[in-house]
Amino acid sequence: MEKNQPENPDLLEKTNDDAPKLPAHDAVPDAVAVESDVKSADKLEDDKDQEEKEKEKEKETETEKKEELEEKDESKDEPVLHCDLHTILEGVDQFLLTSHGSRDREEDSAVEIPKFIDKFMDLVDAKIEQYENTESNAKEREYRVPEDESSFLEAVNRISKLKSAIHKMKLEDEKNPLINRIGSTQQRAFSCLEEEFRFFLEESRNGDSDPEPDRCDDADSAQLLFPGYSGEVVSYLNKIANQMIAGGFESECCQVYIVARRNIFEDALQKFGFEKYSIDDIQKMSWESMEREIAIWIKTIKHCATVLFSGERDLAESVFSAYPPISASLFSNLTRGIVIQLLNFSEGVAMTKRSAEKLFKMLDMYEALRDLVPKMENLFPEESANELKTESTTARTRLGEAAICIFCDLENSIKADTGRTPVPGGAVHPLTRYTMNYLKYACEYRNTLEQIFKDHAKIERADSTNRPHFEGEQPPTYNHPSNDNQSPFSTELTKVMELLDSNLEAKSKLYRDIALSSIFMMNNGRYILQKIKGSAEIHELVGDAWYRKRSSELRQYHKNYQRETWGRLLGCLNHEGLMVHGKVIKPVLKEKFKGFNALFEEIHKTQSTWVISDEQLQSELRVSISAVMIPAYRSFLARFSQYLDPGRQTEKYIKLQPEDIETYIDDLFDGNASSMARKR
C-alpha cells in the first residue's frame, strides 16, 4: 500500500460521490491544499483581532486626549504643580478675585476650588514646618530678618483671605476637609508669626551699654541709650503685626508686644538701679539708703522723660503704623505702670518722718516732677495726659507740703535749742552755723520754695473759707506776710532770722564776762552777715534795711568790747592822783605801772584763748586795740618813766615797751593759751 493512499477505497469513493461537483479544471484538492486553506482562515481571524485591538487603542488615545483637553480648559489659569510659593500666589490672587466677584450670587455652590489650592497649602505647610524647626533650635537662630520673609508673610495673608472667601461661599460638604485644612494651616501659621514676633522683640535689640543720661545731650546719643531695634527689624515687626491684626490675631499680637517691651523697659530701669519699693519699704529705709534711692529715682525719671518714653512711643507708632489707636493704647498701658512706680516712690518719701536733712532731696524730687512731667504729657493721648497731670500734681503737692513742714520745723529747732552751756571762747555757735548754712542751701531753691509757699498759701486760704474756725486757732504766719511786697517764703525766712537773733542774744547772757559776751555776739553776727553777703538770694529776701541794721548792731558789740576790756586798761594810764601841786607822786606812779602790767597780762592770758575765726574781724579788732593802746602807753611811758630810778626800779615797774604791747595784742583771739612770761 502506498503511503498517501486511503486504506478504505469504498469509503473514499462514497465520500467522493456525495461531494459537490467541481469544475473540471478544479480537481479534488489533495491534503496539501486542504492544509493551506486552514492556515489562511486562521490568519484572517488574527487580522480581525489585531484590527479590533488597534481600534480600541485609538479610542483610548482619543479619550485621553479629550480628558487632557478638558483638564487644560478647566485649569487654564492654574500654575503648574511644581511651581514655587511666590509663583503660585498669583493663582491664589486670581482665584480670590474670581470668588469675590461671584460671592453675591446664588451660584457659590458651583464655584470650583482649583486643584492648585492644595499645592499652595502643601507649600505653606512645608514653610511652616521649616519655621517650627527653626524655633525649636532657638539658640542657633540669627537675629537677622529671614531673606524670604516677604513671600511667607504674603502666603499667610492669602490664607487669611482664602479662609474668609471660602467661609462666605456655600460650598458642598465634600469641601469641608479643605476648609478645615485651611483653618488648621492658618492657626499654625499665626502661631509661627507670634513666636517670630516674640523672638525679634526679645532678642534682636540694639546693643545698649550702661545708661549715662548725663551724656545724653543730643538725639543720636539718646537713641543709643534706648533699647530699640534696627530699621530692618522694625520694618519686619511692622509687617508681622499687620498680618496678625488683619488675620484676627490682634489680641495675641498686642499681648506679645506689651509683655516683651515691659520686660525690656524694666530691664533698662534696673540698669539705673531703680527698684520697685512699696510705701512700707520706703518707710523702713534708713536715711542713707533713701538718699541713695532718691538720687537714682531722679536719674530714672529724667531718663524716662527724655529718652525712654519718647523712644517707646516712636517704636509703637512704627510697629503699628497702620493702627494708630492700637499704638497709642499699647504705649499708654506700657508706660502707665512705670509712671505709677515713680509717683508711688515720691509719695512714699513725702510720707516719711520729717527731718531737716530731707528737705533738699525732697525739693530735688519736686523740681524733677515739675520740670519733667510736662515733657511726658506731650507724649500721651489727651485722656492719659490729663490723668498723668492729675496724679503727678498730687504727688508734687505732697512733696511740697512735706518740704514746707520741714522748713517750718526750723523755727521749732531754734526755739528748742535752750542749752545752758556757753560756747568756749565766744566762738560761733553751732546753731548759727547750722541755721545759716541751712538757709543758704534753701535759698538755692528759692524759686522752687517761693512756688511751694505760694501754692500752699492758696490751698490754706481755700481751706480756711470752707472750714469753721475755733477759738484760739492761729493761722500759719507765712500765709499772711506783714508786708504786701514780701512773699510767704520771704516772710518765713525773716522770721527764722529773727528767732535766731533772739536765741543768740539769750545765749550771750550765759557769759559772765561782758567782753566775752560781746565777742560771742560779734562772732555770730559777723558769721550771719558774711553768709548773707555770700548769698544774693538771702540778701535779696531779707533786704538792705535788715542787713544795715545788723551791721550797725555788730559795730555796737565791737564798742562794748573795747569799753569793757581796754577801757579798764586805759584807766591805769590816766593821770588822776598821780600829781600833786605839779609834782609826780612816785608810789602812785609805781602802782600805776604795776596795775597796768598785771591787768595787761591777765587780758593777754584770757583773751588769747578767745576765738575769732573770721580773719577779717580778728584783724580789725587787733588793729583797733593797737590804735588805742599803743599811743596811750607810749605817751605815758615817755612822760613818766624818767621818774623811776634807772636800774632795778625801772626793770621792776616798766616791763613792757610799746613794741611788746603790739606783739602781745597779735596773740589775742587765736584760741590758744599763751603766757607772756614764756615769751619774755
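Predicted model: local features only at pLDDT ≥ 70, side-chain atom pairs only at ≥ 80, totals over all residues.

**Exercise 1. Another positive phi**

Task: Where does His-581 lie, and is His-581 buried or exposed?

Solution. Begin with the position: His-581 is found in the loop between S1 and strand S2 (583-584). Its relative accessible area is 83%. The cut-off for exposed is over 50%, so His-581 is exposed. His-581 also has a positive phi, of about 55°, and is not a glycine.

**Exercise 2. The whole protein**

Task: How many helices and strands does the protein have?

Solution. The secondary structure comes to 25 helices and two strands. Now turn to burial: of the 680 residues, 42% are buried. For the surface, the protein exposes about 38,700 Å², and carbon and sulfur atoms supply 48% of that area. Last, consider the contacts with a separation of 6 or more: 81% of them are between residues 24 or more positions apart.

**Exercise 3. Checking the length of a helix**

Task: What span should helix H8 (residues 231-246) have at 1.5 Å a residue?

Solution. First count the residues: H8 has 16. The expected span uses one less than the number of residues, multiplied by 1.5 Å. That gives 22 Å, and the end C-alpha atoms of H8 are 22 Å apart, so the two agree. Now see which side chains are covered: the buried residues of H8 include Val-233, Tyr-236, Leu-237, Ala-241 and Met-244. After H8 comes Gly-248, with a positive phi near 90°.

**Exercise 4. Aromatic rings**

Task: How many aromatic pairs does a search of the whole structure find?

Solution. The search finds 24 aromatic pairs. Take the pair Phe-190 and Phe-249: the ring centres are 4.3 Å apart and the planes are at 20°, so this pair is stacked. Then place the partners: Phe-190 is in helix H6 (residues 176-203), while Phe-249 is in the loop between H8 and helix H9 (250-270), so the pair ties together parts 59 residues apart in sequence. Phe-190 is buried, at 1% relative accessible area, and Phe-249 is buried too, at 10%.

Ring pairs also join Phe-360, Tyr-434, Tyr-438, Tyr-441 and Tyr-445 into a cluster. One of these rings, Tyr-441, has the charged end of Lys-440 over it, 5.7 Å from the ring centre. Elsewhere, Arg-396 lies over the face of Tyr-366, at 5.7 Å from the ring centre.

**Exercise 5. Partners across the sequence**

Task: Which residues is Glu-194 in contact with, leaving aside its neighbours within four places in sequence?

Solution. Glu-194 lies in helix H6. With those neighbours left aside, Glu-194 is in contact with Met-244, Glu-252 and Val-256. For a distance, take Ala-241: it is 47 residues from Glu-194 along the chain, and their C-alpha atoms are separated by 9.0 Å.

Leu-578 counts as buried, at 0% relative accessibility. Beyond its neighbours within four places in sequence, Leu-578 has contacts that include Lys-583, Val-588, Phe-636 and Phe-640.

Finish with Asn-524, in helix H18 (residues 514-533). Asn-524 also counts as buried, at 0% relative accessibility. Leaving aside neighbours within four places, its contacts are Ala-427, Val-428, His-429, Thr-432 and Leu-504.

Notes:
Residues numbered from 1 in each chain as written. Heavy atoms only, no water. Helix = DSSP H or I, 4+ residues; strand = E, 2+ residues; numbered from the N terminus. Buried < 20%, exposed > 50% of the residue type's maximum accessible area, 1.4 Å probe, protein only. Contact = heavy atoms within 4.5 Å. Areas by Shrake-Rupley, 256 points an atom, 1.4 Å probe, with all protein chains shown as cover. Phe/Tyr/Trp six-rings, centres within 6.5 Å; stacked < 30°, edge-to-face > 60°. Lys NZ or Arg CZ within 6 Å of the ring centre and 35° of its normal.
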